[in-house]
Every structure is written in C-alpha cells, then in structure tokens.
Amino acid sequence: MIHLLRSLPSPAIISPRPRRHRHHTTTPSLPSHSRSLLLHRLLRATPPLASLVDRQPNAGGPAMGLFTVTKKATTPFEGQKPGTSGLRKKVTVFQQPHYLQNFVQSTFNALPAEEVKGATIVVSGDGRYFSKDAVQIITKMAAANGARRVWVGLNSLMSTPAVSAVIRERVGADGSKATGAFILTASHNPGGPTEDFGIKYNMGNGGPAPESVTDKIFSNTTTISEYLITEDLPDVDISVVGVTSFSGPEGPFDVDVFDSSVDYIKLMKTIFDFEAIKKLLSSPKFTFCYDALHGVAGAYAKHIFVEELGADESSLLNCVPKEDFGGGHPDPNLTYAKELVERMGLGKSSSNVEPPEFGAAADGDADRNMILGKRFFVTPSDSVAIIAANAVQSIPYFASGLKGVARSMPTSAALDVVAKNLNLKFFEVPTGWKFFGNLMDAGMCSICGEESFGTGSDHIREKDGIWAVLAWLSILAFKNKDNLEGDNKLVSVEDIVRQHWATYGRHYYTRYDYENVDAGAAKELMANLVSMQSSLSDVNKLIKDIRSDVSEVVAADEFEYKDPVDGSVSKHQGIRYLFGDGSRLVFRLSGTGSVGATIRVYIEQYEKDSSKTGRDSQDALAPLVDVALKLSKMQEYTGRSAPTVIT
Ligand SMILES: O=P(O)(O)OC[C@H]1O[C@H](O)[C@H](O)[C@@H](O)[C@@H]1O
Ligand SMILES: [Mg+2]
C-alpha cells in the first residue's frame with residue numbers, strides 16, 4: 001500500500017471534512033417532503049455550518065474534505081468477462097475482497113484518459129442488495145482515479161433508462177455533463193445476499209459500452225495488479241439530495257446525490273402528450289395498474305403515474321423498491337408477475353372484481369415492460385409492432401414520421417409487416433440492445449423492440465419500460481379521445497390488438513425457457529441442432545415423422561449480422577429453422593443467466609387470414625412446439641420434461 005499524497009496542504013484540516021450544499025438545479029423541483037427530509041438530514045448528518053465556515057481555509061470558499069490516494073496490490077479473478085449486459089455474478093462473488101474493485105479499475109483503464117480524469121461519472125442502479133456498498137467503493141475509486149465528480153441517484157436508485165437519460169440530458173450547475181455510468185444491476189435476476197449483483201458500463205451516448213470496450217475491460221481483468229482507491233474519503237450519505245465536496249491530490253471532487261425522476265419526467269414530457277394521458281387516466285371509465293415488482297421503477301411510478309398523470313394511488317402494486325425485490329423474481333412475464341397477472345384476470349383463480357383496463361409491469365432495473373389488457377396478454381413482439389403502427393398519430397415525438405424500425409432476430413416478424421406496409425426502413429439485429437444503439441446514433445431507427453419484454457426508441461440508448469407504458473397509454477388516449485365521457489364504449493387493449501391482427505395478420509408466438517440447465521448438455525443440444533442443418537432433407541424426414549401438419553423447412557442457419565453502420569460482423573447469434581409458410585423455430589442460449597445455462601426456444605407462426613387470427617396461441621402453436629422439442633431432443637439432452645417458463 002503506497003500513499004501517493006502524504007502531506008496535507010492545510011494543517012487546519014486534519015481529517016476529511018466534506019461540505020454538503022444544496023444543488024441548485026435539482027432542489028427547486030423536489031417535492032416538499034424531500035425538501036424537509038433534506039433539511040432534516042443536513043441538520044442531523046453534518047457538523048453545524050458555522051463550524052464548517054470556521055474551518056474554511058479561504059473565507060468565502062467552500063470547506064473541503066481532503067483525501068489521499070492509495071494503490072492497492074491485487075491479483076486477477078477468473079471469469080470477469082462482461083456478458084450481454086455487463087458482469088453478473090452472485091453477491092457473494094462480488095463481496096470477495098478486491099473483486100468489484102478489479103472490475104472497476106479494469107473499466108477505468110479501458111477508457112480514454114479524458115473520460116476518467118476530470119470527468120463526471122454516474123454511479124447508480126436498481127438498488128439491489130450490495131448496491132449501497134458498491135456505490136461507496138466506486139465513488140472512492142472514481143476520486144482516486146482523478147474524476148471530477150460522481151452523480152449518484154438518491155438511495156443509489158436510478159433505473160437503467162434514467163441513467164441513459166441522465167448521461168444524455170442532465171447538465172450540472174456548472175455546465176458539466178456525464179461521460180459515462182456504472183450501472184449496478186442484474187436486471188431481472190433476483191436480488192438479496194445469496195442472489196445476483198451486476199455491473200455494466202455505459203458510454204457518453206447513454207448506451208452500453210461496445211464490444212471493443214468490454215473486450216478491453218475483460219483483458220484488463222486478466223492482468224490487473226493494482227487499483228486506486230481513497231481509503232480516507234468518508235462514506236457519503238446517499239439518502240439525502242445534495243452535493244458533498246472534497247479535495248484530492250488532483251483537485252476538487254464532488255459527490256452529487258439527486259432524484260433522477262425529475263430528469264426522467266422532464267424527458268418524458270418532451271415525448272408524450274401528458275395532458276392527453278392525464279385525461280385518460282383520470283377518466284372514471286379507465287382503470288390502470290402498474291407493478292414495479294419491487295424494482296427501481298417504483299421510484300418513478302408514483303411521481304409519474306399518480307402525481308403527474310392523475311392515476312389513483314391504489315393503481316400501484318409493489319412500487320416500493322426493495323434490495324431483495326420482496327423475495328421475488330423481478331422479471332415482468334406471465335410466470336413471475338403473479339400478482340399483476342391475477343389482478344388483470346389472467347390468473348388461475350377467478351375473482352369477482354372486474355380487472356383494470358390496462359396493466360403493466362417492469363423488471364428490476366425498469367428497462368423491461370409487460371403490457372396487459374383486461375384478461376389479455378400482449379406479446380412483446382406484437383407490442384413493438386403496434387406502437388410503431390400507431391406512433392405517428394398518437395405520440396408527439398414521432399409526429400413527423402419514423403426514421404426506421406428494428407427488432408432482434410428471435411422477435412416475431414409482426415414488426416416487419418408494419419414496416420413493409422408503412423414503407424419504413426427495417427432492421428433485424430442480434431439479441432442485445434447495443435445493436436439498436438448504432439442504428440439510432442446513425443439516425444436510422446426510431447422505434448425498436450425485442451421479444452424479451454424490451455421496447456424503446458431513440459430518445460435514449462436503452463430500452464425503457466415506463467416509456468413503453470406511456471406509449472400504450474398514448475395510443476389508448478388517442479383512440480379513446482371521444483369516448484372518455486358519455487356512453488361510448490372504450491376501445492380496449494384487446495380491441496387494439498385484434499384490430500392490428502385483422503389489418504396486418506397475426507404472428508402466433510411463444511417462448512419456452514429451460515433455466516439452469518447443465519451447461520455442457522446445453523452446448524451439446526445446440527451443437528446437434530447446428531450439425532443437423534447440413535441436410536435439410538434429413539431434417540424434413542424427421543419432422544414428417546413428428547408431425548405431418550407442419551410445413552417444410554426451407555432454410556436453416558446460424559444468424560449472422562453485419563452492422564450497417566460500422567461494418568462489424570456478429571456470428572453465431574442463434575440457430576434458425578425457417579419453414580415454407582413463414583413459420584420459424586429459433587434456439588438460443590441466454591446471455592444473461594448467472595447459473596448453468598438457459599436454453600430459449602422461440603416458436604412462431606404467421607396467419608394472414610383474418611378469420612383465423614383469434615385462436616388460442618398455445619393451441620395454434622402446438623404442432624410446431626412438438627416439432628421443436630423433439631427435433632432438438634430437449635428431454636434427452638436436458639432431462640427436462642417441461643420448460644421453466646412459458647411466455
Ligand atoms: O440473453 P437473454 O437472457 O435471452 O436476454 C436477452 C436480453 O438481455 C438483456 O435484457 C438485453 O438488454 C436485451 O437486449 C436482450 O434481449
Ligand atoms: Mg432489465
């Protein structure tokens with residue numbers, strides 16, 4: 001351990017003495033309860049202001065705590081390769097001495113110097129267990145690495161879309177802008193002392209670091225021998241809005257704690273017609289329900305839906321963020337969002353209470369969404385297609401038209417049909433939001449979505465769960481503008497979806513997930529599916545023996561993508577079997593699980609005939625499901641007779 005700075009410039013200050021002051025750009029818009037909390041905390045947590053002033057080295061200047069920088073020796077950990085969305089491991093792995101520190105230093109070392117030295121870096125996340133410790137550690141490392149300031153969400157909370165918005169839009173009191181962010185989340189994975197933690201780095205455009213950067217981070221983790229940290233910087237109270245200033249060897253360092261819902265709502269107001277949505281939400285005819293699954297969306301839901309848009313407070317379910325998500329699995333799907341599913345009349349037990357007209361749920365970090373109507377599930381693939389088809393009329397941000405639309409490969413082709421009909425540029429990219437980012441930065445794509453409950457637009461560079469809800473509410477508000485008063489019947493979510501199918505045809509769609517399968521077995525299953533692709537006639541013989549009522553496979557491959565913006569090529573992005581009638585079977589290994597392997601099977605069938613678009617989805621898809629499971633020898637390889645989750 002080597003102290004880089006041993007002597008203190010002012011003998012008057014012998015211990016770090018931070019000064020906390022109000023942040024002028026965010027405080028005025030704080031709700032009054034936060035303001036009084038701030039005052040209370042200021043009085044409780046800091047020494048009397050007079051004593052701080054007394055200690056100021058120069059009268060009139062801010063009092064600052066001084067810190068020194070320590071170089072800590074370390075050795076590499078195996079397996080710090082960031083996956084699709086950062087590094088995700090069990091909390092206990094992250095809690096090992098130096099584990100988080102190694103990854104953070106490897107990230108700093110992978111960035112250009114000007115994005116660290118003197119830079120403004122956001123540090124926050126979904127508030128899962130270990131986040132508060134991680135914020136303090138990263139703050140101390142940012143200070144030691146010469147950052148000018150860190151921006152921290154109140155109580156360490158900032159949704160992934162809000163981080164993206166903050167990077168792109170927030171301007172500090174002195175004109176500062178963030179250059180990047182450490183997002184502390186494992187998204188939809190459970191949280192708690194024995195569950196998952198995660199960290200990823202987003203760049204100045206607000207999107208996840210590209211592979212060129214994550215590869216460098218990984219390579220740094222394999223050779224790291226030391227990291228920089230300030231051991232004498234005190235923990236900053238992140239439960240209070242305000243700026244705390246310190247002084248280090250390279251100059252001042254600030255920790256700015258703020259409520260990012262202010263910034264996020266500001267951005268949403270530039271996109272949507274809040275007045276129109278408010279009319280809908282405050283109409284007694286319209287009922288609404290939002291389930292944050294105890295994730296970070298809860299920190300925004302009350303401000304947006306209740307305070308801004310007039311929804312009843314009873315519309316909010318599980319909207320208090322919790323470190324362990326209340327013991328649940330914060331993934332908005334039909335299996336894990338149980339309470340919402342029951343309330344919307346889609347559960348097994350039938351209740352006498354009439355379900356709300358509209359329901360939605362979010363995942364832990366609030367970038368995913370699930371949209372439900374009364375007793376009705378909207379598949380994410382349909383959701384993005386319907387938003388795209390209605391955006392220009394219903395959402396002011398898109399009034400002048402869409403630059404293009406995009407979906408991930410396993411997402412159904414519902415969006416393709418809309419793009420064709422509306423003559424829009426269309427892109428099919430591999431799974432992973434970062435692929436959309438390039439298209440958006442190049443001005444080629446306005447709206448995009450994935451089957452994995454992600455939908456979004458070029459307002460930021462992450463998918464955005466609350467944005468998707470506001471998009472649906474905008475469509476409902478537009479379609480019902482004349483129905484909110486009087487006797488007219490409301491156009492429901494189900495009406496909108498059925499109308500869409502009648503116009504564009506329906507893509508019956510389902511996904512089977514086999515979670516926590518033996519990784520070796522999963523690899524073998526996939527390898528077998530690839531090797532079978534060499535002879536389609538053999539594949540078709542096998543299929544005929546399984547079911548005679550499905551069409552023939554006409555092409556089979558592993559999806560490969562050449563990015564039209566930077567020319568980079570991504571190979572092995574999922575195994576496809578394409579049928580003559582437009583049906584598809586896709587097999588992929590999840591890139592976001594943390595234990596074993598998760599096999600995903602995506603099953604899709606197109607029905608153009610509007611008299612046949614109203615069937616039960618699992619019935620319509622039964623023959624293809626049969627083929628998928630037998631062709632892949634799912635049970636033989638995995639020992640599983642049923643999937644963990646069906647959506
Ligand atoms: O790899 P999977 O587990 O299927 O997850 C895939 C999803 O992971 C994250 O949520 C990414 O942000 C999404 O863009 C991606 O679709
Ligand atoms: Mg997420």
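How many helices and how many strands does the secondary structure of this chain come to? The count is 20 helices and 29 strands. One caution before we go on: this is a predicted model.

Let's take the whole chain first. There are 647 residues, and 57% of them count as buried. Now look at contacts between residues at least 6 apart in sequence. Of these, 74% join residues at least 24 apart.

Next, the metal site. Which residues coordinate the magnesium ion, ligand 2? Four of them do: Ser-187 through OG, and Asp-363, Asp-365 and Asp-367 each through OD. The distances run from 2.0 to 2.1 Å. Written as a spacing, the donors read S-x175-D-x1-D-x1-D. Ser-187 and Asp-367 link distant parts of the chain, 180 residues apart. Find Ser-187 in the loop between strand E8 (180-184) and strand E9 (196-202). Asp-367 is in the loop between strand E15 (358-362) and strand E16 (369-373). Are these two buried or exposed? Ser-187 has a relative accessible area of 4%, so it is buried, since the cut-off is under 20%. Asp-367 is buried too, with 5% relative accessibility.

Now to the core. The largest nonpolar core has 82 residues. Tyr-290, Phe-305, Phe-358, Leu-470 and Leu-473 have the most contacts inside it. Which helix gives the most to this core? That is H15, with 11 residues. The core also draws on both domains: at least three residues come from domain 1 (2-258), and at least three from domain 2 (264-504). As general background, nonpolar side chains tend to be buried together in soluble globular proteins.

Stay with H15 for a moment. This helix covers residues 465-479, which makes 15 residues. From first C-alpha to last, H15 reaches 22 Å, close to the expected 21 Å. Most of the helix is covered, with 13 of its 15 residues buried. At its start, a side-chain oxygen of Asp-464 comes within 3.4 Å of the backbone nitrogen of Ile-466. Leaving aside residues up to four places away in sequence, Leu-473 touches Ile-277, Leu-280, Leu-281, Phe-286, Phe-288, Phe-305 and Phe-358.

On to a polar residue. Asp-254 sits in strand E12, residues 251-258. Its relative accessible area is 11%, so Asp-254 counts as buried. What does its side chain join in a polar contact? The partner is the side chain of Ser-245, at 3.1 Å. Beyond four places away in sequence, Asp-254 touches several residues, among them Arg-148, Arg-149 and Val-150.

His-98 has a positive phi of about 75 degrees, although it is not a glycine. You will find His-98 in the loop between helix H3 (91-94) and H4. His-98 is partly exposed, at 26%. Asn-318 also has a positive phi, about 50 degrees, and is not a glycine either. Asn-318 is in the loop between strand E14 (316-317) and helix H11 (338-343). At 18% relative accessibility, Asn-318 counts as buried. Finally, Asn-109 lies in helix H4, residues 99-110. Asn-109 is partly exposed, at 48%. Asn-109 and Asn-145 are 36 residues apart in sequence, and 9.5 Å apart from C-alpha to C-alpha.

How values were computed: Residues are numbered from 1 along each chain as its sequence is written. Chains are lettered from A and ligands numbered from 1 in the order in which they are written. This is a predicted model: local features need pLDDT of at least 70, side-chain atom pairs count only at pLDDT 80 or more; totals for chains, interfaces and linings use all residues. Side-chain values use heavy atoms; hydrogens and water are left out. Donors are N, O and S atoms within 2.8 Å of the metal (3.2 Å for Na, K and Ca); water is not among the atoms, so sites may look incomplete. Helices (H or I, at least four residues) and strands (E, at least two) are DSSP runs, numbered from the N terminus. Buried means under 20% relative accessible area, exposed over 50%, partly exposed in between (1.4 Å probe, protein chains only). The expected span of a helix is 1.5 Å times one less than its number of residues. A polar contact is a pair of N or O atoms within 3.5 Å; within protein, one must be able to donate a hydrogen and the other to accept it, and residues adjacent in sequence count only if both atoms are side-chain atoms. A nonpolar core is a set of buried Ala, Val, Leu, Ile, Met, Phe, Trp, Tyr and Cys residues joined through side-chain atoms within 4.5 Å. Domain bounds come from an automatic or database domain assignment. Contact means heavy atoms within 4.5 Å.
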